[in-house]
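Have the viewer open as you read.

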Amino acid sequence: MMLSIASPGNAFCDMFDSGVGAVEAIAAVLNLALVIYFFFRDKKEFREKEDKRIKEQVHYAWYDALIRERLLNTIDDYFDSVESVITKDGVGQERFLEDIRDIKNIFNRYKRLVFPTLILFSDELKKSVWGLIQENHDQILNEYEKSHYDGEISNKIFELINETKTKVYKELYDYDINKLEDIIKNK
C-alpha cells in the first residue's frame, strides 16, 4: 500500500479545486435564479400586455355594439324620417303645417332615443352631438318654410342633412379615438 505524501502543493490543489467547485456551484445557482427571475418577469409582462389587449378588445366590442348598432342606426333613421316627410307629395297650408308638426315630432322622438345613449359616453359628447342635430333641425325647418313659400323643395335641406350626418359621425369618431388613447395611457 502506498501512502500518499502530504505536500503543500497537493493541499493547495485540493483547496483550489474545492474553491473552483464552490464558485461553479454558486454561479450555477445564480444562473438558475436569473433564469427563473427573467422567466417570471416575462410571464408577468406578457400577462399585463394580454390584459391590456383584452381591455382594448372589450372597449372596441362595447363601442361597436353601442355606436354602430344603436346610435348610428338611430341617427340615420332620424334623418331618413325627416327626408321622407320633406319629400312627401302634397301642397297647401294644411299639408305644410302637418309636415312641420311631423318633423318636430320626429325630432322629439329621436331625442328620447339618442340622449340616453350619448349620456353613457359623456356630457360633452352629448352636448356637441345633440347641438349639431338641434342646429340642423332648426335650419331644416327654416329651409322647409322658405321652400314652401317658393313652391319647390330646396336641395339645401338635403345638403344640411348630409353635412350634419358627417359632423356627427366625425364627433363620434374623434371621441372614440380620444377615449381609446385614454384607456391605453391609463394601463
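Predicted model: local features only at pLDDT ≥ 70, side-chain atom pairs only at ≥ 80, totals over all residues.

Numbering starts from 1 along each chain as its sequence is written, and side-chain values use heavy atoms, with hydrogens and water left out.

**Helix packing**

Two packed helices are described by the angle between their axes and the distance between the axes. Take helix H2 (residues 93–121) and helix H3 (residues 123–150): they pack at an angle of about 175°, and their axes are 10 Å apart. Helices here are DSSP runs (H or I, at least four residues), numbered from the N terminus. The axes are lines fitted to C-alpha atoms over the stretch in contact, with angles running from 0 to 180 degrees between N-to-C directions. H2 and H3 are therefore roughly antiparallel to each other, a label for angles over 145 degrees. What sits in the contact of H2 with H3? Its residues divide into 16 nonpolar, four polar and five charged. Here Ala, Val, Leu, Ile, Met, Phe, Trp, Tyr, Cys and Pro count as nonpolar, Asp, Glu, Lys and Arg as charged, and the others, Gly among them, as polar.

**Salt bridges**

How many salt bridges turn up in a search of the whole structure? There are six, each being a side-chain nitrogen of Lys or Arg within 4 Å of a carboxyl oxygen of Asp or Glu. Among them are these:

| Pair | Closest N to O distance |
|---|---|
| Glu-45 and Arg-41 | 3.6 Å |
| Lys-167 and Glu-163 | 3.2 Å |

Now for where they sit. Glu-45 and Arg-41 are four residues apart in helix H1 (residues 8–86), so about one helical turn separates them. Glu-45 is partly exposed at 34% relative accessible area, and Arg-41 is partly exposed at 34%; buried means under 20%, exposed over 50%, and partly exposed in between (1.4 Å probe, protein chains only).

In helix H3, Lys-126 and Asp-123 are three residues apart, which means a separation of about one helical turn. Lys-126 counts as buried at 16% relative accessibility, whereas Asp-123 is partly exposed at 46%.

Over in helix H4 (residues 155–185), Lys-167 and Glu-163 are four residues apart, so they too are separated by about one helical turn. Lys-167 is partly exposed with a relative accessible area of 38%, and Glu-163 counts as partly exposed at 41%.

Key. Helix = DSSP H or I, 4+ residues; strand = E, 2+ residues; numbered from the N terminus. Parallel < 35°, antiparallel > 145°, perpendicular 65-115°, else oblique.
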